[in-house]
Amino acid sequence: MLSVVRVHLPSDIPIVGCELTPYVLHRRPDKNISTDDVSESAPIDGQFLRYRWYRLQSDKKVAVCSVHPSEQATLQCLGCVKAKIPAFKSYHCTTKCFSDSWQHHRVLHDRAASAMNENGNEEEELFGRYNNNNSASGVINSSSSSSTISTSLTNGLTPLYPAAVTQKTGVETWLEVGRYKSYTPTAEDIGHVLKFECAVVDMETMLPVASPLTVLTSRVIPAPSASPRCLIPVNGVDVMGKLDLDGRVSSGTFTVLSYNILADVYATSETFSYCPSWALSWPYRRQNLLREIVGYRADIICLQEVQSDHFMEFFAPELDKHGYQALYKRKTNELYNGNIQTIDGCATFFRRDRFAHVKKYEVEFNKAAQSLTDPATILTAQKRNAINRLIKDDVALIVVLESKFSTPTVDNPGKRQLVCVANTHINGNQDLKDVKLWQVHTLLKGLEKIAVSADIPMLVCGDFNSVPGSAPHHLLARGKVEPTHPDLAIDPLNLCQPHSKLSHQLPLVSAYSSFAIKGVGIGLDKQRKRLDPTTNEPLFTNCTRDFIGTLDYIFYTADTLTVESLLELLDEESLRKDTALPSPVWSSDHIALLAEFRCKSRPRR
C-alpha cells in the first residue's frame, strides 16, 4: 500500500511569483522510501498521489510592510492611495520605517506626480508636504492634521509570521487554487495563508484511502521590488536614457551586461546571516534574478557563478523564451569534490535577432598552468608545489559574434561587423595576488592573439576579484604593471619575472570611467560622486557585511568602440539603510553593470 510519510516546504514564507514545490516523502508497497512522483497516469498497485493547494478565505487579510515584508503593516501612505500607486507599495510597519525609507519611497511619488495633469494645487496636496529637504521629520508625525499616514491599521509591531501556523477551531473556508504539486502564489494570495494537501487516492473509487497530509504556509507576501536603474548617457546628450522595448537607446548601438549572480552553493545562511532565509532560497532568488536580468534587455549578457544544473534547467531555457542563445563554460573540477552538477561557471547569452554566433574559445587556467612545464620533465617536489599553486579551476569564456544590425558605411562597405566578448571569473583568494595577476595576463595574451587575427572590437567582462589600483586592474586599465607595484612582492613562482612581460597591446578602457571623463548631462554629477576619484571606478560592485568595494568591470577596446551610456550605479542609500547584499530586493552580493556601445567607423586598410 502506498502511504505518505512526510510533507514539508523548503520555506514556509510564500512570495508572489515564486514557485512553491513541497518535499513529499512516501513509502511504496515494497517498503522503499521515495520522493519520486506517483501520478494518476502511472499508478502503483492502483494508487496515486493527488495534490491540492488551497487559500484560507475566512482569515482576515493582512497588509505587509513594503520595506520589511516579514513584518505586518501598521501604516499606509495616503499619498500613494490618492495617486493610485499599487497598494502593496504604500504599507509600512512603523513610522521609523516610513521615515528611513522616505528617500526611496518618494521616487514613487515623483513618478506619479509627473504622470498627473499639470494642476499645481492637486500635486501640492498629494506630494508637496514631503517634497522638501525636511520631509523626514514630518513623515513620522502621524498626529498632524496634514499627515499622509493612515493609522487605521492595527498599531504595534506584530510579527507577520508565527513560528507555526495551526488549524483554527472555528469554521474555516478554504478556496482551491491549484491541482499540481507546485504552486506559484499570485497577487490575490497576498496576506492569506496557503495549504498544501497530499493524499493517496484509489484509482477505482477516486477517493482518498487515508486522511491526507497537509502543511500550512505563512501569509503570502509580495515580491520586494527595487527602483528601476536608468541608463545615463555619457556622450554629451543632455537627456535621460531609458531602455526601450528592444533594450537600446539607439538602433545602431548594443548593450552588454556583466553580473555575478551568486551561485546557490555559496548563498548560505552562515555566510549571509543578515539576509532572511527565504530571500536566500534558490526558488526565490532565481525568479528575482531572472526578473532583473530580463528587465535590462541587454543584447549580450555575461553571467558569472552560474551553476551547471541551474544553467541547463533554468537560465538557458528561460532566457531562450526571451530570444537569447546561450553558451557556457563550467569551471574545471580538479579541486572541487562536491556534486559536479553544482560546479559554477561563466554563461554568455546573446539575442538571436541582434547577433549570430561565429566562434567560441574556452580558457582553462589549469591547463595553462600545466603547460608551463615540459611534460617530459620530471618535476621536483618544489616545482610540483609551485604548479599546484596555480591549479584553481577558474575559467574564461570567449565568444566571437557577428552583428545583424550594423549598417555598411562609406569607409567599410559590406564589411562584417564582428565583436569579441570575454567573460571570466578570476580567483577570489586574496592571498594569491600573483595567481590573480597571472590569470588576467594569460587571458589578455589569448585575446591579443585573437585581435591580431581578426582585428575586431573587444569586450572583457566579469568578476576579476581585484580592486581598483591592484596589479590585475593596472594591467587591464593601463596595459602594464609597474615593477614597484606592491602586489609584485608576493611571487613565489617568479611568474611576474621579468616585470617587462607584464604588459599587453590591447587599448582597454574601463567602461564606467566614462562617467568621470565624458561630457555633461542629467545624472552625470550624481554618478561621479559614486566613483573613486583616484581610479574613476565605481565605489563598489560588491557589498556585504564584511566587504564593500569594486571587483567587477566591463573593459572595451577604445580604438574600436565608444561608450554611449551606462547603467546608473547604486549607492549605499539605494540599497536602503543598514542593508548589505544579498537582500530581499537584490538577490546577489554583486550589482549588475551594463554599458551601451557603438562601433567606431574605421577606414579600410
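Helices (H or I, at least four residues) and strands (E, at least two) are DSSP runs, numbered from the N terminus. The model is predicted, so local features are given only at pLDDT of at least 70 and side-chain atom pairs only at pLDDT 80 or more, while totals for chains, interfaces and linings use all residues. Residues are numbered from 1 along each chain as its sequence is written, and side-chain values use heavy atoms, with hydrogens and water left out.

**Whole chain**

Show the chain as a cartoon. It has 14 helices and 27 strands. Colour by burial next: buried means under 20% relative accessible area, exposed over 50%, and partly exposed in between (1.4 Å probe, protein chains only). Of the 605 residues, 52% are buried. Contact means heavy atoms within 4.5 Å. Among contacts between residues at least 6 apart in sequence, 75% join residues at least 24 apart.

**Stop 1: Ser277**

Select Ser277, in helix 6 (residues 277–280). Ser277 counts as exposed because its relative accessibility is 54%.

**Stop 2: Helix 8**

Move to residues 308–320, which form helix 8. Where does helix 8 bend? The bend is at Phe314, by about 30°, and Pro317 follows within four residues. The angle is taken between axes fitted to the seven residues ending at a position and the seven starting there.

Show side chains on the buried positions: Ser308, Asp309, His310, Phe311, Phe314, Phe315, Ala316 and Leu319. They pack against helix 7 (282–296), strand 13 (300–307), strand 14 (324–330) and strand 15 (344–351).

**Stop 3: The nonpolar cores**

A nonpolar core is a set of buried Ala, Val, Leu, Ile, Met, Phe, Trp, Tyr and Cys residues joined through side-chain atoms within 4.5 Å. The largest one holds 65 residues. Select Phe254, Ile293, Ile300, Phe349, Leu459, Phe515 and Phe597, which touch the most other members.

Centre on Ile293. Setting aside neighbours within four places in sequence, Ile293 is in contact with Leu257, Tyr259, Ile261, Ile301, Leu303, Phe315 and Leu319. Phe315 and Leu319 are among the buried residues of helix 8.

Then switch to a second, separate core of 39 residues, whose members include Ala368, Leu390, Ala422 and Tyr553.

**Stop 4: The second largest pocket**

On a 1 Å grid over the protein atoms alone, a pocket is an open set of points where a 1.4 Å probe fits, with protein on both sides within 12 Å along at least five of seven lines; lining residues have an atom within 4 Å of a point. Points are joined across faces, edges and corners, and a volume is the space filled by probe spheres set on them. The second largest pocket has a volume of about 700 Å³. Its lining has 33 residues, and those closest to the centre are Tyr266, Glu305, His425, Gly428 and Asn465.

Colour the lining by type. Eleven residues are nonpolar, twelve polar and ten charged. Ala, Val, Leu, Ile, Met, Phe, Trp, Tyr, Cys and Pro count as nonpolar, Asp, Glu, Lys and Arg as charged, and the others, Gly among them, as polar.

Stay on Asn465, in the loop between strand 19 (458–463) and helix 12. Asn465 is not a glycine, yet has a positive phi of about 45°. Is Asn465 buried or exposed? Asn465 is buried, because its relative accessible area is 11%.

**Stop 5**

Follow the chain to helix 12 (residues 471–478), where six of eight residues are buried. Those six are Ala471, Pro472, His473, His474, Leu475 and Leu476. Their cover includes helix 11 (433–454), strand 20 (508–510), strand 22 (537–538) and strand 25 (552–557).

Just after helix 12 comes Gly479, with a positive phi of about 85°. Gly479 counts as buried because its relative accessibility is 12%. Which residues does Gly479 touch, not counting those up to four places away in sequence? Select His474, Leu502, Ser503 and His504. The C-alpha atoms of Gly479 and Ser503 are 5.3 Å apart.

**Stop 6: Backbone exceptions**

Most residues other than glycine have a negative phi, and most peptide bonds are trans.

- Gln497 and Pro498 are joined by a cis peptide bond, omega about -10°. Pro498 is in the loop between helix 12 and strand 20.
- The bond from Leu581 to Pro582 is cis, with omega near 0°. Pro582 is in the loop between strand 26 (561–567) and strand 27 (593–599).
- Lys84 has a positive phi of about 60°. Lys84 lies in the loop between helix 1 (78–82) and strand 6 (91–92), and counts as exposed at 75% relative accessibility.
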